[in-house]
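This note is written for a colleague who is meeting the structure for the first time. Please read it with the sequence and the coordinates at hand.

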Amino acid sequence: MFRSGLLENDNNSNTNNNNTNNNTTTNNNNNSYNNNNKNNSNNINMVVFFARRTAASSTAAGLVLLLMLSSQLAIAAPTTATTTTTTTTTISTTTTATTTTTTTAAVPLQVPPTCSALEPLGIFEQIKQDLSRYQDLDPQIRGLLSGFCAMRRKACITFRVVDGIPYVLDLFPGYQSRHRATLHGIYRALLRLGSVPDVEVVIDVTDGELQKIDLPVLVITHKRSLPAGILYPDFTFYSWPESSCPPLETSHAYSHLFDLMTRNWTHKVSPWLDRSDTIFWRGAPVDDHGARSVALQYLADVPGADARFMSWRAVSITGQNEVPGCVGLLEQCRHRYLAFLAGTTYSSRIKYQLLCGSVVLAAEPEFVEWWTQLLLPGVHFAPVMPDWSNAEPLMEMLRQQPSQAEAIAQRGQQLALKALSPTAVDCYWWKLLSAASTVLPPALDPLPTHARPLEDVLLWPDDVSLSAIHGVSGGAPPPVLRPFRETQDASCFAEESIRRWELCCDTNQFGPIGNEECWLSLAVEEQLQAADLEEIFRILLARFRARTLHIDGMVCARVLAKCLGPERTKSTQRGHYEFTKSIQRAGASKLPLVRLSLNGCGISAIGAQALAEGLGEANVEVVELMNNIIDDEGGEALLAALQRNKRWKQLQVSFNQISDPLQSRIEQVLRLR
């Protein structure tokens, strides 16, 4: 819960005692570690404020139904379930189940010594706390969990371990590569530490969209005041290539970054006082009702502050991103002070800032992660007010007491080095799955025929989905249009040559726009005239077998590269226009689109205007246009269409070039819906 008090001299005994209440987030059962922090406490006299924000988010119809169902399934008090053939005792994290049949509950395996050594840090207490809420589930909850991903149809994974072998039963891709990174993280933990007992879990890979559904689903984050779900290490603890900042920063693989920070940015190697006396922040606008903009206004009043927005124009799973104004995570370590601004829900950046060994200024996060209970204000970071209105006096105080500020930075770094190491992350996954096997209901049905081994799934492209209803869908390349021979390199068509035109224009070999020799300007114009882009989207829509069209950056890149040619100003503008005009026609007349997702497609103002023409009268309810290059001109067109179409319930335009005032106007219209 929220507390207030002095930074470190408040002597909060509940932080360090042996309180056995699992619902107290500050109790880490880590007396030695916390006593160290207490003994090292400084005398900075600051007040800790904790934020309360109300999430104004709508829920899809399927989730509303699920919420209604779950509200009717009250969590029963601890009981003993009895049938004519089987009697099962209550299962806990420390007991096993006995039955009168040959079926027995999962028995935890011996904890690897590597993980046992981490117990004193208290990082596994969150597992016990989360699972304790689901100790005695109504049997009908299993039915809800089994069909959860199929009902949700996005950013959802059903994962099962059978006889030591991991399988995926449902896979609905999340934003960018996060679903694959999550599965890779699990696979790495099992490879390094060994298998776990038979278990089945449902994994949500959104940024906390399930706040109103209290089911035993693995989630990345939830509100501190409203715990729901079971927290797990998010995808960034494996890798997030779409967030890297080239050319200096080529990878966001967590093990890679952790190693570089450990070797180059400890206080012994890079003394804190040798760094720039600057408070630094870079980031993009998010759907936070202008909170980041307000924070930047207060930071602008701080002497020596370097905090401003940047834009994500184009991203790629290879990390070859186009991000003007970005500054890599390692480069940020050059500053003594780093500002942490919350995202729409949580933000994954704070762990990197702690690893830098800089003083992190932050409001206590409203949304927590699996390790947040270890993060103490005034001990590991300098707390600010939720709106950052005290940023200037706080920075003045820190600069006047450099030894105390350095101590905060050092304790924050030591926490991250010990509790957030790749080994600690792997152990958390191992312990979570092992403990879940003793608490969550076991799978009652045999392994379904559509299930796929995890090793296979890890090799699939980003747009592949898997479910019991449709099996494997997606992954097929979009239609390829043969270029006109007259405008191409003749050697591509020579019968005696191995350089066939398919190779000359292969985007995998020559990059996202193909071969420059292959896609000449004239060829681009001819292809646009001949291409039936509407047919391409019809095929893509049929692939998903739903009234949803979800195309991420990878598929967009393929379609644009194959059909629209090289990134030249004239052809690009026309390409985007034709690209979106086809969706306009499909959305307005031929396809019953309800949800349209075009993230990372390079859609500009022209494309947004074309979309608006078709969506103003369509049946669409949800539109996602994140990570494009839409400016205010395109945003105004979308807002006008939103005002005309009363069926339109959601419009996501984060990570574009739309100004904050226009973002606020769009949000105001959506709130009235």
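The numbered points below go from the chain as a whole to its disulfides, aromatic rings and charged pairs.

1. Overall make-up. The model is predicted. Its chain has 673 residues, of which 55% count as buried. The chain contains 25 helices and 21 strands. Among contacts with a separation of 6 or more, 74% are between residues 24 or more positions apart.

2. Disulfide C115 to C427. The structure holds four disulfides, and three of them are described here, beginning with the bond that joins C115 to C427 at an S to S distance of 2.1 Å. The two cysteines belong to distant parts of the chain: C115 is in helix α4 (residues 113-116) and C427 in helix α15, 312 residues apart. The torsion about the S-S bond is about -85°, so this disulfide is left-handed. C115 is buried at 0% relative accessibility, and C427 is likewise buried at 0%.

3. Disulfide C149 to C156. The sulfur atoms of C149 and C156 lie 2.1 Å apart and form a disulfide. With a torsion of about -70° about the S-S bond, the disulfide of C149 and C156 is left-handed. C149 has a relative accessible area of 0% and is buried; C156 is also buried, with a value of 0%.

4. Disulfide C333 to C356. Here the S to S distance is 1.9 Å. The torsion of the C333 and C356 bond is about -65°, so this disulfide too is left-handed. C333 lies in the loop between α11 (329-332) and β11, and C356 in helix α12 (residues 350-356), so the bond ties together parts that are 23 residues apart in sequence. C333 counts as buried at 0% relative accessibility, and C356 counts as buried at 2%.

5. Aromatic rings. W370 is buried at 0% relative accessibility, as is Y428 at 0%. Both rings belong to a cluster in which ring pairs link F124, F237, Y254, F258, Y352, W370 and Y428.

6. Charges over rings. F124, a member of that cluster, has the charged end of K431 over its ring, 5.1 Å from the centre. Elsewhere, R336 lies over the face of W272, at 5.4 Å from the ring centre.

7. Salt bridge D277 to R336. R336 also forms a salt bridge with D277, the closest N and O atoms being 3.6 Å apart. This pair links distant parts of the chain, with D277 in strand β9 (residues 276-283) and R336 in strand β11 (residues 335-340), 59 residues apart. Are the two partners buried or exposed? D277 counts as partly exposed at 35% relative accessibility, whereas R336, at 17%, counts as buried. R336 falls on the buried side because the limit for that class is under 20% relative accessible area.

8. Salt bridge K154 to E209. The count of salt bridges comes to 21. Among them is the one between the side chains of K154 and E209, at 3.0 Å from N to O. K154 is in the loop between α7 (148-152) and β3 (156-162) and E209 in the loop between β5 (199-204) and β6 (218-219), so the bridge ties together parts that are 55 residues apart in sequence. K154 is partly exposed at 22% relative accessibility, and E209 is partly exposed at 42%. The two residues are part of a network of salt bridges that links R152, K154, D204 and E209.

9. Salt bridge E636 to R665. The side chains of E636 and R665 meet in a salt bridge of 2.8 Å, N to O. E636 lies in helix α24 (residues 632-644) and R665 in helix α25 (residues 660-672), so the bridge ties together parts that are 29 residues apart in sequence. E636 is partly exposed, with a relative accessible area of 35%, and R665 is partly exposed, with 39%.

Key: Residues numbered from 1 in each chain as written. Predicted model: local features only at pLDDT ≥ 70, side-chain atom pairs only at ≥ 80, totals over all residues. Heavy atoms only, no water. Salt bridge = Lys/Arg side-chain N within 4 Å of Asp/Glu carboxyl O. Helix = DSSP H or I, 4+ residues; strand = E, 2+ residues; numbered from the N terminus. Buried < 20%, exposed > 50% of the residue type's maximum accessible area, 1.4 Å probe, protein only. Phe/Tyr/Trp six-rings, centres within 6.5 Å; stacked < 30°, edge-to-face > 60°. Lys NZ or Arg CZ within 6 Å of the ring centre and 35° of its normal. Contact = heavy atoms within 4.5 Å. Disulfide = S-S within 2.5 Å.
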